[in-house]
Amino acid sequence: MRARIVGVLAAAAAAVVAGAPVVSQAAPARPHKTTTSWCDAGATGACVVSATRNGVAVTKDDPSWDIIASTVTGASKDVLVSIQRVTDGDPYDLQTTSLTDVWKVTIAMGAIVPRVVFVAGDGVTVDRQPVDRTDYDVTITASPVVTTNQNDCDQSKATWTCATKASSERTTLSAEITDYGSWVDPVQRAAFYGMDFSTNVALTTIPPSIVSTETPGGLPPGAATHELDVQLANQHSHPDSSTFLGFVHLVIPNAFLKAVYGIDDPSTVTASGLTASAGVGMAKVSDVGSALRVDATGITFSQRFLKVKRGSIAPTTPKIGKVHRIGATKATVGYQPSKARGSKILGYTARCSAPHHLALTATRTNGVITVTRLLPGVAYTCAVRANAKHAKSAFSKPKKAAALP
């Protein structure tokens, strides 16, 4: 797991929990511009293609603003991006007057696949454009946010804690774009493509921990599910003692829902299919087409976990139709089809039972189900359920199949 620190993502790193690199908020002054981070003749690695602030172009020669894009070497393949003021003071503090600014920045990634985009910013949208299979562009639209001083927080233990009151804060806008080259599971790594994470919280973990909720022996085969845990830590109040309210916006691509949650048919998932909580605050899940979006707002601190869990993805309960005894040992069972709720329906099972006798079942992909091997002269009651890839519906209300000699 790697810690992602809101604020200055292009500063020097320091080792913390389990050797994870984090970024110090204290940053050296940058009194001059770094033009090599733009896509010019001197650029190496990722570079800035274009940028606008409130619809007005910002170039590498702009007297007030600079955009730094740098590639982190190593297996993780990260690109760090930060908006800076051209100043002899703190270039990473954009000042509160810039909170309403809307920046749009396009980064040329080269062969680095932009699987996950992390932004310390608000109102974030991300557009990935694969120029070809080995050349990607990423456009980030966002506004700055006020972040507190993460140096007030203790990361020496597995669960981070922060001081009650922040000693300082700054207005910032920065991003990290990663290929997750060091992610061990190749299926999960591929499924990360399209995940976006934005926040104003001082300390977060991204990628999230993937925690199995399976209890050995406690779930039937295929019923294991998982949750995402994102650790969040921040001071409870701003330096002026007003309460800090944090937010996290997380876009989870459908491919990730399939690979991690077993939600194989994301287009049919309902609000109960994926649930989110962040302790104090509100969290909701919404469908945004090719992904589900988790919005957690009003989070108060000092420490919280955002937990995203799979809820119910079982199909709706089918309504039983006509039940006919078509012979001494056979009955047909009709039904009204179920609706999928996150997992594709593969077929239906009818179950007919009688007191003191074994229940008999039959399964079909669709259409009327014929149950055989009934006992002559015995009346049965029959019910039906839907079978999805990763879940089953409840059985319908039963209906009687009269006895035949």
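This is a predicted model: local features need pLDDT of at least 70, side-chain atom pairs count only at pLDDT 80 or more; totals for chains, interfaces and linings use all residues.
Residues are numbered from 1 along each chain as its sequence is written, and side-chain values use heavy atoms, with hydrogens and water left out.

Now the overall picture. The secondary structure of the protein chain comes to two helices and 32 strands. Of the 405 residues in the chain, 48% are buried, where buried means under 20% relative accessible area, exposed means over 50%, and partly exposed is in between, computed with a 1.4 Å probe on protein chains only. If we take contacts (heavy atoms within 4.5 Å) between residues at least 6 apart in sequence, 67% of them join residues at least 24 apart.

Let me return to the sheet from which I started. Eight strands form this open sheet, in the order β6-β7-β16-β9-β17-β21-β24-β23, and the pairing is mixed. Its edge strands are β6 and β23 (282–287), each of which pairs on one side only. On average, neighbouring strands here are turned by 10 degrees against each other, direction ignored; the axes behind such angles are lines fitted to C-alpha atoms, for helices over the stretch in contact, and angles run from 0 to 180 degrees between N-to-C directions.

One of these strands, β17 (residues 195–199), contains Thr199, a residue that is buried at a relative accessible area of 0%. The side chain of Thr199 reaches the backbone nitrogen of Val201 at 3.0 Å.

How does α2 lie relative to β21? Helix α2 lies across β17, β21 (246–253) and β24 (291–299), and runs at about 85 degrees to β21. The buried residues of α2 (residues 254–261) are Asn254, Phe256, Leu257, Val260 and Tyr261. They cover an arc of only 155 degrees around the axis, which puts them on the same side of α2, the arc being that of the directions from the helix axis to the C-beta atoms. Just after α2, Gly262 takes a positive phi of about 75 degrees.

There is also an open sheet of four strands, in the order β29-β28-β31-β32, with antiparallel pairing. The edge strands in this case are β29 (360–364) and β32 (399–401), each pairing on one side only, and neighbouring strands are turned by 30 degrees against each other on average, direction ignored. Within this sheet, five bridges join β28 (residues 345–353) to β29, the two running antiparallel, and Thr349 stands opposite Thr363 in β29.

My last topic is the charged side chains. How many salt bridges does the structure hold? There are eight, a salt bridge being a side-chain nitrogen of Lys or Arg within 4 Å of a carboxyl oxygen of Asp or Glu.

One of them joins Asp101 to Arg53, with the closest N and O atoms 2.9 Å apart. This pair links distant parts of the chain, since Asp101 is in the loop between β7 (78–85) and β8 (103–110) and Arg53 is in strand β4 (residues 47–53), 48 residues apart. Asp101 counts as buried at 4% relative accessibility, whereas Arg53, at 27%, counts as partly exposed.

Another salt bridge is formed by the side chains of Asp179 and Lys77, at 4.0 Å from N to O. Asp179 lies in the loop between β16 (174–178) and α1 (186–191) and Lys77 in the loop between β6 (65–72) and β7, so the pair ties together parts that are 102 residues apart in sequence. Asp179 is buried, with a relative accessible area of 2%, and Lys77 is partly exposed, at 38%. Both residues belong to a network of salt bridges that links Lys77, Arg115, Asp179 and Arg189.

Finally, Asp295 and Arg293 meet through their side chains in a salt bridge of 2.7 Å, N to O; Asp295 is buried, with a relative accessible area of 10%, and Arg293 is partly exposed, at 24%.

Key:
Two strands pair if DSSP finds at least two bridges between them. A polar contact is a pair of N or O atoms within 3.5 Å; within protein, one must be able to donate a hydrogen and the other to accept it, and residues adjacent in sequence count only if both atoms are side-chain atoms.
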